[in-house]
2 protein chains.
Amino acid sequence: MDSPKTKITIIGVGLMGGSLALALKDKFPDYHIIGYARSKKSYDKLVGLKILDFVERDLGKAVSSADFVVLALPVFSIIACFRQIAGFLKPGAIVFDLGSSRVLIDRAAKKYLPGHVEFVGCHPLCGSEKAGAQFSRKDLYQKMVCLITSENKTAGVKVVQSLWEQLGSKVVFISSSGHDRILSIVSHLPHLVSFSLTALVAEDYLEFIPPSFKSLSRISGSPAQVWADIFLSNKKNILRDSKKFIANAEKLRKLIKTNNRRQLVNFIEQVNAKYSMIEKKS
Amino acid sequence: MDSPKTKITIIGVGLMGGSLALALKDKFPDYHIIGYARSKKSYDKLVGLKILDFVERDLGKAVSSADFVVLALPVFSIIACFRQIAGFLKPGAIVFDLGSSRVLIDRAAKKYLPGHVEFVGCHPLCGSEKAGAQFSRKDLYQKMVCLITSENKTAGVKVVQSLWEQLGSKVVFISSSGHDRILSIVSHLPHLVSFSLTALVAEDYLEFIPPSFKSLSRISGSPAQVWADIFLSNKKNILRDSKKFIANAEKLRKLIKTNNRRQLVNFIEQVNAKYSMIEKKS
């Protein structure tokens with residue numbers, strides 16, 4: 001008898017989930033990759049895209065025989081999903097997610113998932129301003145960092161780590177709270193900033209948009225449901241960091257207002273030095 | 001007797017001036033392109049880079065026989081330069097600049113340049129976070145918009161327009177005040193925003209920098225002297241627009257603070273729509 005195929009079920013097949021399906025299929029052609037679609041509309045779309053081996057509309061059936069269950073949903077939908085799938089998961093299954101804030105998700109996983117499965121909190125540091133499974137790319141996770149927030153290196157954690165590494169990601173371990181503190185500055189705040197800037201554009205400016213504005217507005221195409229959840233689930237950090245950011249902007253405004261060219265040059269030169277550090281590192 | 005070569009003198013051979021020298025030489029191999037270097041150090045650097053036909057350290061000599069004089073300097077240095085070169089320019093010479101704010105420059109040109117030369121205010125909407133002549137690229141101006149702020153389409157304006165078009169730029173005419181009002185939002189504000197954000201990065205965050213942060217920090221490498229001058233020379237507009245931007249950021253903070261998910265999604269969806277407009281246009 002053949003050994004049974006590894007079954008992976010992805011719940012939430014958008015850009016991230018769809019790209020994971022493509023990357024897994026490319027690396028492990030034998031895996032059986034199932035996508036869950038709640039509505040008839042998304043069922044038809046996913047079947048048409050042909051990025052999955054099978055599309056299932058019954059959530060219980062979708063997860064009950066899965067070796068891996070991947071939750072690629074907005075943060076609060078991940079949390080809600082733990083409760084919905086808890087009763088169907090098979091013993092020994094590994095559940096992991098791709099959520100962009102960690103403290104609430106990792107806490108909810110402990111609370112709602114049964115003891116006979118393993119949970120591994122994952123946050124791949126990639127994405128795209130193009131939302132939707134139709135933009136899936138099999139190389140989305142290549143040469144990217146994937147953060148894992150599990151406290152202990154259990155067998156399940158090692159399996160998931162190895163999975164990401166085989167897809168070309170570099171795995172870095174970090175605590176849930178450390179994750180949310182740092183990602184607030186390096187990811188969540190840039191989105192808040194980009195949204196605040198792009199909101200100012202009027203139609204008659206469109207023919208004058210230079211490369212600088214394009215760089216800053218690129219992530220303004222990011223999906224609203226996903227980002228509302230990220231902000232609300234990392235509230236304390238993002239409120240503190242956005243306050244610091246606004247203080248910097250006010251400082252620059254004051255230097256401009258008071259014609260303080262020397263301090264203005266100083267401020268920008270310090271920023272130039274920080275930029276060089278970032279550039280060297282990447 | 002051969003007709004004399006067209007002579008172009010570039011004052012301020014950094015990334016913008018150096019790239020213009022390369023683009024001109026590529027398109028018009030017969031032009032004689034002179035660069036002005038004030039210090040011995042920049043003279044040696046420019047001679048070593050071999051992007052000019054000749055490097056001149058005497059400002060009077062550099063401009064006195066030039067058909068075109070190009071000022072590729074920070075805004076207030078352009079204004080100071082008008083007074084320094086005024087007495088040396090030959091009758092019929094065309095002076096143009098690449099300044100990023102226009103009202104003060106265009107006013108100063110009228111005041112300080114002699115009546116026997118023509119001035120054409122130009123602002124090419126391109127650049128790079130890599131400052132310095134060593135990063136010059138002959139294709140920097142290709143497929144880019146160049147704004148011209150001259151009020152009347154004089155013979156000189158048409159000559160300069162044609163020059164930019166032959167280098168691959170699309171020329172758009174706009175008033176000096178319209179320029180400063182629009183560029184404040186689409187270029188000057190993004191720099192203030194990027195500087196305020198990059199200033200928050202600490203060394204221990206470096207291994208977690210995702211593509212989103214990189215996009216927003218890219219222009220944080222822009223030269224301090226240039227940007228201090230831009231902010232100070234477009235003070236009224238940038239102070240007004242940065243205030244509007246901060247109001248948007250504060251609005252988002254309030255929605256996060258009060259857990260107003262519906263309005264948060266609403267705000268981001270409106271931004272998504274503006275982003276789509278930008279993306280379609282570019």
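Analyst: Before we start, contact means heavy atoms within 4.5 Å of each other. This is a predicted model, in which local features need pLDDT of at least 70 and side-chain atom pairs count only at pLDDT 80 or more, while totals for chains, interfaces and linings use all residues. Residues are numbered from 1 along each chain as its sequence is written, chains are lettered from A and ligands numbered from 1 in the order in which they are written, and side-chain values use heavy atoms, with hydrogens and water left out.

User: With that in hand, which residues does Phe82(A) touch, not counting residues up to four places away in sequence?

Analyst: Phe82(A) touches Leu71(A), Val95(A), Ile105(A), Ala108(A), Ala109(A), Tyr112(A), Leu113(A) and Phe119(A). To place that in context, a nonpolar core is a set of buried Ala, Val, Leu, Ile, Met, Phe, Trp, Tyr and Cys residues joined through side-chain atoms within 4.5 Å, where buried means under 20% relative accessible area, exposed over 50% and partly exposed in between, for a 1.4 Å probe and protein chains only. The largest such core here has 132 residues, and Phe82(A) and Phe82(B) are the ones that touch the most other members.

User: How is chain A built overall, and how many helices and strands does its secondary structure come to?

Analyst: Helices (H or I, at least four residues) and strands (E, at least two) are DSSP runs, numbered from the N terminus. Chain A has 11 helices and eight strands, and its C-alpha trace spans about 80 × 45 × 30 Å along the principal axes. Of its 282 residues, 56% count as buried, and among contacts with a separation of 6 or more, 70% come from residues 24 or more positions apart.

User: How do I read the sheet, and what is the order of its strands in chain B?

Analyst: Two strands pair if DSSP finds at least two bridges between them. In chain B the order is β3-β2-β1-β4-β5-β6-β7-β8, an open sheet of eight strands with mixed pairing. The twist averages 25 degrees from one strand to the next, with axes taken as lines fitted to C-alpha atoms, for helices over the stretch in contact, and angles running from 0 to 180 degrees between N-to-C directions. Strand β7 (145–148) of chain B runs parallel to β8(B) and is joined to it by four bridges; Val145(B) stands opposite Lys170(B).

User: In chain A, is Val171(A) buried or exposed?

Analyst: Val171(A), in strand β8 of chain A, counts as buried because its relative accessibility is 12%. Apart from neighbours within four places in sequence, Val171(A) contacts Cys146(A), Ile148(A), Gln161(A), Trp164(A) and Glu165(A).

User: Why is helix α9 of chain A described as largely enclosed?

Analyst: Eight of the 10 residues of α9 (224–233) of chain A are buried, so the rest of the structure largely encloses this helix. Among the buried residues are Trp227(A), Ile230(A) and Phe231(A). The buried residues pack against α4 (75–85), α5 (103–112), α7 (176–198) and α10 (235–257) of chain A, and also against α10 (235–257) and α11 (261–281) of chain B.

User: What rotation superposes chain A on chain B?

Analyst: Copies are superposed by least squares on the C-alpha atoms of residues with pLDDT of at least 70 in both. Here a rotation of 180 degrees, with 0.0 Å of shift along its axis, brings chain A onto chain B at an RMSD of 0.0 Å. The two copies are therefore related as by a two-fold rotation axis. Both copies use the same surface, since 100% of the contact residues of chain A recur in chain B.

User: Which residue meets Glu151(A) in a salt bridge?

Analyst: Glu151(A) pairs with Lys110(A) at 3.1 Å, N to O. Glu151(A) lies in the loop between β7 (145–148) and α6 (155–166) and Lys110(A) in α5 of chain A, so the pair ties together parts 41 residues apart in sequence. Both Glu151(A) and Lys110(A) are exposed.

Methods
Salt bridge = Lys/Arg side-chain N within 4 Å of Asp/Glu carboxyl O.
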